[in-house]
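Please look through the structure shown here, keeping in mind that it is a predicted model. The report below is written for a reader who is new to such descriptions.

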Amino acid sequence: MVAAPGENMRVNGDRLWDSLMDMAKIGPGIAGGNNRQTLTDSDAEGRNLFRTWCEGAGLTLGVDKMGTMFATRPGTDPDALPVYVGSHLDTQPTGGKYDGVLGVLSALEVVRSMNDLGVKTKHPIVVTNWTNEEGARFAPAMLASGVFAGVHTLEYAYDRKDPDGKTFGDELKRIGWVGDEEVGARKMHAYFEYHIEQGPILEVENKQIGVVTHCQGLWWLEFTLTGREAHTGSTPMNMRVNAGLAMSRIMEMVQTVAMENQPGAVGGVGQVFFTPNSRNVLPGKVVFTVDIRSPDQAKLDGMRARIEAEAPKICEALGVGCTIEAIGHFAPVTFDPTLVSRVRGAAERLGYSHMDLISGAGHDACWAAKVAPTTMVMCPCVGGLSHNEAEDISKEWATAGADVLFHAVVETAEIVA
């Protein structure tokens, strides 16, 4: 029986909050959030600050060939596999201050608090910053953890291009964060990830802690529609080959498919590129991504099949060319029951209100679950808002989740008296 830590063991919430605010100064957005996209100069600056903090906490830093950062606090047993804890520091172009960052800096705070309290564990603890979780600049999302789990090859990842045609491999080298570790060579005893919910359920239910039992699966489908550029004012309506119109009808179809698969399904379009993107020119080319998700694999695959069957028919009726490429996928995930129960037990021991939760968003934990026992902890966010500069949480919410993370991690790493 693994001993649970005493309920008096808590993190330093003020220090955690100060760290969050200090990191938020790097790559500021235009409306109070952050634009610290992966492999940008701002990402490099954030990594350097994080490295300084890790070194200050006595951690030893390793970096793999995907640029993922692993900061290790040793355990008392040199043969014991480490407990990994982390998330990501990269953001959306108009991201908030907490998505991903909360998980990385709370993992660091767990170690700092262990140092303060003189806590020793049998298993090492590794604070982790995964590269390119967001997928905003280089698709797909969760790229480094995907390579780590063997879902993608290193060559595939290095060849990913951003909208300007720059490759992941070249940009990783440019910012100076290509490590020497083989990706995936590390073995894990367990993996924990702490995250804001990115949805409204915890706040609506007035719960402090989300005990994450599952994660939705997803498909990202990239559509390339080819029409004919033409003057919007002088081209008769019946003589147009309008890729933009085809896109709008596909978007409406995706909405219908998602609604007809309720409950437990979502779908929408979040990224669109028009060419030439001029006010008075009908687009000759439109590239956009459909995002569909469900915790039910059969429902998820059925939605994909229907969308891929109906979209070409919509385009054919308008004379528009259509190609579809699956650029991102992971299956629904069931997290490790033992680790889930430790998170739930920690919340109860500490007196925090809690509920079981299915994550609607994808996380590095989804890929980590392929190689090690894994689970997640969540805290509320105001209005369920995320991927938005107005994303917000309270210091109290952040601290409560970090306390639960602290207890679950230390229990799993096994306290040494």
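## Two packed helices

Two packed helices are described by the angle between their axes and the distance between the axes. In this predicted model, helix H3, which covers residues 101-117, packs against helix H12, residues 395-413, at an angle of about 65°, and their axes lie 9 Å apart. The crossing in which H3 passes H12 is right-handed.

On the H3 side, the residues in contact include Leu 102, Val 110 and Met 114, while those on the H12 side include Ala 402, Leu 405 and Phe 406. Sorted by class, this contact has 11 nonpolar residues and two polar ones, with no charged residues.

The whole structure holds 19 salt bridges, and one of them joins Asp 403 to Arg 10, with the closest N and O atoms 3.8 Å apart. Asp 403 belongs to helix H12, whereas Arg 10 lies in the segment before helix H1, so that the pair links parts of the chain 393 residues apart. Asp 403 counts as buried because its relative accessible area is 2%, whereas Arg 10, at 34%, counts as partly exposed.

Within helix H6, Arg 174 and Glu 171 are three residues apart, about one turn of the helix, and they form a salt bridge whose closest N and O atoms are 3.1 Å apart. Glu 171 is buried at 6% relative accessibility, while Arg 174 is partly exposed at 44%. Both residues take part in a network of salt bridges that also links Asp 41, Arg 137 and Asp 162.

Definitions and conventions
Residues are numbered from 1 along each chain as its sequence is written. This is a predicted model: local features need pLDDT of at least 70, side-chain atom pairs count only at pLDDT 80 or more; totals for chains, interfaces and linings use all residues. Side-chain values use heavy atoms; hydrogens and water are left out. Axes are lines fitted to C-alpha atoms, for helices over the stretch in contact, and angles run from 0 to 180 degrees between N-to-C directions. Helices (H or I, at least four residues) and strands (E, at least two) are DSSP runs, numbered from the N terminus. A crossing is left-handed if the near helix is turned anticlockwise from the far one by less than a right angle, and right-handed if clockwise. Contact means heavy atoms within 4.5 Å. Ala, Val, Leu, Ile, Met, Phe, Trp, Tyr, Cys and Pro count as nonpolar, Asp, Glu, Lys and Arg as charged, and the others, Gly among them, as polar. A salt bridge is a side-chain nitrogen of Lys or Arg within 4 Å of a carboxyl oxygen of Asp or Glu. Buried means under 20% relative accessible area, exposed over 50%, partly exposed in between (1.4 Å probe, protein chains only).
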